[in-house]
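Open the model in your viewer and keep the sequence panel beside it. This tour goes stop by stop: what to select, then what is there.

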Amino acid sequence: LAAAYALGVRRPEVLGLRADLYRYLGDPPRALADLNEALKEAPDSLDLLALRAQLHRQQWRLSLAQEDVDRALALDPTHVSSLLVKANLFAARGEGEMGLLIIHKLTTKHPERADVWSTRAALLGQMRKHALAELDVERALELDPKRGEAYTVRAAIHIDRQENALAKAAVERGLEVDPGSAELWTNLGVVRMREGDFLAAIKALERALEIHPMRSLAFANRGFAYQRLGRNQEALRDFKQALKLLGPNNPKRKPILAALGEVEQEARLDATARDPEAALDEAVRLRQQGRPDLALAIVERVLRGHPASPRANYTQGNLLVLMGRNREALEPLTRAVESDPTRREHFNDRGLAYQSLGDQGRALEDFDRVVKGWPEFARGWSNRAISRRKAGDTRGALEDCNQALQLDPNYVNGIVNRANIYLELKEFELAEQDCDRALELLEHVPVYGLRGMIRQQRDNLAGAKADYERFLELAPPNDPRRPRIQRLLEQLKGR
């Protein structure tokens, strides 16, 4: 090229040829630098604009690619290379059918061009129309046996069909003729993974990312390889980068998200071997974040190495109660009580498990221990009140609720418990006052249903209707109270 320039070939043409070589050899920065310089001197060169658009598309800079394509087609609406890039841009944005419309016309007007056939083969392959794609691959290779894109499509078809040996042959042949193809290096990484050679897969995918640093599938597949090797932190990094590049609505996110969840769990579980206390702290944080299943997996890993740990046993029981698995919770909570009877939460949570199972006798034994040992604990009095009411001791339950609220006047659960007791005692005015107070402190959705029933008893039908409607507006679809509230509302409307 230097000799050609010395012999008088125009500088933009030389720079364009060198840029294409850099692209072919997998050096996008140098290719882009040459194209930018060439377009300063020849801003209306269609071939240079199409080549830069192709480079931008390969690096997922879709808006920049679109700008170059639009500029080229404004100068010449029939420019084939620009139309091919435009078709690929449609496909990149999930509009493959629009891309096919463009290329169908080109196959009629320019059947002699291998790039037209290989581009259509690629789009058909992405749409899983493999038989049609194979026909176009054959046509492209008849016209140009060294067409790397055609081998990329052929390899992708074989990978999709689980034909690993044929995929490997297509990839290796493709890399002989186009060593700068990020797609072929990515396909090679997939082939190596299926062979079980994860280190070789990572090496191939690293080469793909050198060429195309924004290639989401290379990050995703390298993440899968790291995951299989147990290198969780590297897998996490690659999965997160792949998801970032794919955007929020891409269907390819689903398997990556599933793998990301698995790796996150394994990474947290790995921490248990190093520091059980830190692992339990992490389990508590996950519980607070609404992920009790992952928290439970961490605690179970801790218990394998430390089966007598009072904290680990209590945390396991606490999580099981939270998840509604009360019978399973009894065993670890009993171990926690026996190994450390100095902690009120051990008795309290076991009492909650018995309470939910309907064993109010044993629940009251645990809550008795709580209120006698820790009389300042408002929640213990409130929990005992629930079991006393369920056991038929309504007046005793009221005394416990009053004690809980004397200790903590803003304890919402205690206020709601007392409202339920007043309702049972037909003290409707006091019950409604407690509901009003609870809703002032916190918009606790079940309270709307409770207050609606109280208002209905007081013949405040408009207020009851408003509360029932508010409950149904806020309660989740699977709330077990919804059918009853719906029936009560329908009865009011009937009246």
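Select Asp459 to begin. Asp459 sits in the loop between α27 and α28. The model is a predicted one. Asp459 is exposed, because its relative accessibility is 61%, and exposed means over 50%. Now check its backbone. Asp459 is not a glycine, yet its phi is positive, about 65 degrees. Most residues other than glycine have a negative phi.

**Stop 1: helix α27**

Step back from Asp459, which comes just after α27. Select residues 445–457 to show the helix. Colour the buried ones: Val445, Val447, Tyr448, Gly449, Leu450, Arg451, Gly452, Met453, Ile454, Arg455 and Gln456. Note that two arginines, Arg451 and Arg455, are on that list.

**Stop 2: Glu427**

Stay in this region and select Glu427. It lies in the loop between α25 and α26. Glu427 has a relative accessible area of 35%, so it counts as partly exposed.

**Stop 3**

Hide the rest and show residues 310–322 for α19 and 344–356 for α21. How are two packed helices described? By the angle between their axes and the distance between the axes. For α19 and α21 the angle is about 30 degrees, and the axes are 10 Å apart. That angle makes α19 roughly parallel to α21. The crossing of α19 over α21 is left-handed.

From α19, show Pro310, Tyr314, Asn318 and Val321. From α21, show Glu345, His346, Asp349 and Ala353. By class, this contact of α19 with α21 has four nonpolar, two polar and two charged residues.

**Stop 3: Asn318**

Keep Asn318 of helix α19 selected. Is Asn318 buried or exposed? It is buried, because its relative accessibility is 13% and the cut-off for buried is under 20%. Now show what Asn318 touches beyond its neighbours within four places in sequence. Those contacts are Arg287, Leu333 and Asp349.

**Stop 4: the pair α17 and α19**

Show α17, residues 276–288, alongside α19. Their axes come within 11 Å and cross at roughly 15 degrees. The two helices are therefore roughly parallel to each other. α17 passes α19 in a left-handed crossing.

On the α17 side, the contact uses Glu277, Leu280, Asp281, Val284 and Arg287. On the α19 side, select Arg311, Ala312, Thr315, Asn318, Leu319 and Leu322. Sorted by class, the contact of α17 with α19 has five nonpolar, two polar and four charged residues. Asn318 is in this contact, and Asn318 is also in the contact of α19 with α21.

**Stop 5: the largest nonpolar core**

Move to the largest nonpolar core, which has 34 residues. Start with those that have the most contacts inside it: Leu175, Trp185, Leu188, Ala225, Phe239 and Ile256. Next, show α11 (164–177), α12 (182–194), α13 (198–211), α14 (216–228), α15 (232–246) and α16 (253–274), each of which supplies at least two residues of this core. Which helix gives the largest share? That is α13, with eight residues.

Zoom in on Leu188. Leaving out residues up to four places away in sequence, Leu188 touches Val171, Leu175 and Ala204.

**Stop 6: Arg128**

Select Arg128, in the loop between α8 (114–126) and α9 (130–143). Arg128 is exposed because its relative accessibility is 58%. Its phi is positive, about 65 degrees, although Arg128 is not a glycine.

**Stop 7: Ser45**

Finish at Ser45, in the loop between α3 (28–41) and α4 (46–58). At 21% relative accessibility, Ser45 counts as partly exposed. The separation is 9.2 Å, for residues 30 apart along the chain.

Notes: Residues numbered from 1 in each chain as written. Predicted model: local features only at pLDDT ≥ 70, side-chain atom pairs only at ≥ 80, totals over all residues. Heavy atoms only, no water. Core = buried A, V, L, I, M, F, W, Y, C linked by side-chain atoms within 4.5 Å. Buried < 20%, exposed > 50% of the residue type's maximum accessible area, 1.4 Å probe, protein only. Helix = DSSP H or I, 4+ residues; strand = E, 2+ residues; numbered from the N terminus. Contact = heavy atoms within 4.5 Å. Axes fitted to C-alpha atoms, helices over the stretch in contact; angles between N-to-C directions. Parallel < 35°, antiparallel > 145°, perpendicular 65-115°, else oblique. Left-handed = near helix turned anticlockwise from the far one by under 90°. Nonpolar A, V, L, I, M, F, W, Y, C, P; charged D, E, K, R; others polar.
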